Amino acid sequence: MSKIWTAIICTIIYVFSLAVAPVGAERINDPLVANDFIKETPKNTTLNFTIRDFTESVNPPAGGSLSAITFRQLTAKESGTLRLGTELVTLDTGIPTEDLDKLNFVPAKDYEGEAIFTWDAHYGTLTSPYPSAVTIKIGNISTESSPSEEPTTSPNTTNTPSPSPNATKSPSPSPHPSLTPEPGQKPLQYEDMLEHWGAYSAGMLGAEGIIVGEEIGGHFYFYPNKVLNRIEFITLACSVLNIKTKDSLANNPFSDKDIPSYMLRQAIAAYEAGIITGTEENGQLYLNPYDTLTRAQAIQILNNGLNIKESASGPLSFADADAIPLWATQAIRNMEAYGIVKGYEDNTFRPYASVVKAQAGELLYQVYKYREKMRKTQGVFKMFFYDE
C-alpha cells in the first residue's frame, strides 16, 4: 500500500512541476534584452523622454514588464546633463518606469554633436544582462551623410579633416552622423563585467570580433582590472588599427633578448606601421615589452596609428599639464581635440598612470568608431567617454 501512495504522490509532484516549470523556465531563460535607440534635439533645446521610449525598446521575459532602469554611464558634462525633473541624475540612479516621463537631457550651451548614456533594464527581480545605449543627436545634423552610405574617403586616415584651431577644449564640434552600432548588434557579454562601467565598449569590441576576451566553459571573461604592459597594449591597438602580424622575424629592429616570437612579430609590424618607435639606449633600439604601459604612451601609440596629419593647436589646459612629457604633448592635444581622450574629473591627465584593460577598451572603442566614421564621411568626429 505504501508503494501505491508513494507512486501517487510522485505523480502529483511530477504533474505539478510540469504545470509551473515552463513559466519559471521561460522567465529565467528568456533574453532580457534592452535595445539601443536614438533621440534628436535642436541645439540649446531640452529633450524630454517618455515612458514609451524605454518600454518600446525592451524585450521583457514572458509575462514580465519593464519596472525600472538604472544608469550605467552618464552623458559627459561637456555635452550636457541628464535630469529627473530638475534634479541631476547620478551614476547608478534607479528610476521606476512610471517616473520616466520626468527624465530629460539638457544640452550644454551651443553644443552640437552626440551624447551617449547607457542603462540597464529591470524586470522585477531580473536585470538585462548588458547595458544598452541611448544616443542623443544635438543640433542640425540631418544633412550629414548616413552611416549606411558608401565611403567617401579612403579606408586609411591620411585624409582625416583637421580640427578647428580651438578644438582642444571646444565643446561645440561640427555635427556628424550617428555612431551607434548596426541594428541588432549587441555587445558581447563578459561575466566579469556585468556591473562594470566599461562593459558596453568592451562588449562592442568583442561583438565586432576585434578584441575578444577569454572563453571558459561557454562564458567570456575580459579581466577589466588587469594592468597592461607595452606589448599587450600594442597587440590590442594593432587589432583595432588593422595592422597584420608579420609572418617572420626578418628586419627585427629591436635588441631585446628572449622575447617570444609571436610578440616580436607583432612588434615588428607595429614598428613598420609607425605606431611605435621603441626606446634607444646606447645606440640600440629596445621594445621593453614587459614595462607597464602609461597613459601618455597609450595616447602616443594611438595618435601614431590614426596618422593625423593636421595637428591641433593651443595649450593643454589640464591641471597637471606641466607634468606631461614633451614627446607626448602633441599626441595628447590631437587626441583630445578629436574627442578620443579626456581628463579625469579633477581636470588632471595623469600621464604616468598605468592603464588597465577596461580603460584600454574604452580608448580603443573610441578609436574604432573614429576610424569607421572617417572611412565613411568627412564630418568631424567628437565623442566623450569615461575612463574610470
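These legends go with a set of close-up views of the predicted model. Residues count from 1 along each chain as its sequence is written, and side-chain values use heavy atoms, with hydrogens and water left out. Because the model is predicted, local features need pLDDT of at least 70 and side-chain atom pairs count only at pLDDT 80 or more, while totals for chains, interfaces and linings use all residues.

View 1. Buried means under 20% relative accessible area, with exposed over 50% and partly exposed in between (1.4 Å probe, protein chains only). Helices (H or I, at least four residues) and strands (E, at least two) are DSSP runs, numbered from the N terminus.

**View 2. Zooming in on Leu364.** Leave out residues up to four places away in sequence, and Leu364 touches Leu205, Ile211, Phe233, Leu236, Ala237, Val240 and Leu302. Contact here is heavy atoms within 4.5 Å.

**View 3. Helix α6, mostly covered.** Of its 12 residues, 10 are buried, among them Arg295, Gln300 and Asn303. How far apart are the end C-alpha atoms of α6? They sit 17 Å apart, which agrees with the 16 Å that 12 residues should span at 1.5 Å a residue; the expected span is 1.5 Å times one less than the number of residues.

**View 4. An open sheet of 4 strands.** The order is β3-β9-β6-β7, with antiparallel pairing; two strands pair if DSSP finds at least two bridges between them. At the edges stand β3 (47-48) and β7 (87-88), each with a single partner strand, so one side of each has no neighbour in the sheet.

**View 5. Strand β9 and its partners.** Strand β9 (residues 103-107) is joined to β6 (residues 80-84) by 5 bridges, and Leu103 is the bridge partner of Leu84. Another 2 bridges join β9 to β3, where Asn48 stands opposite Asn104. Strand β9 is mostly covered, with 4 of its 5 residues buried.
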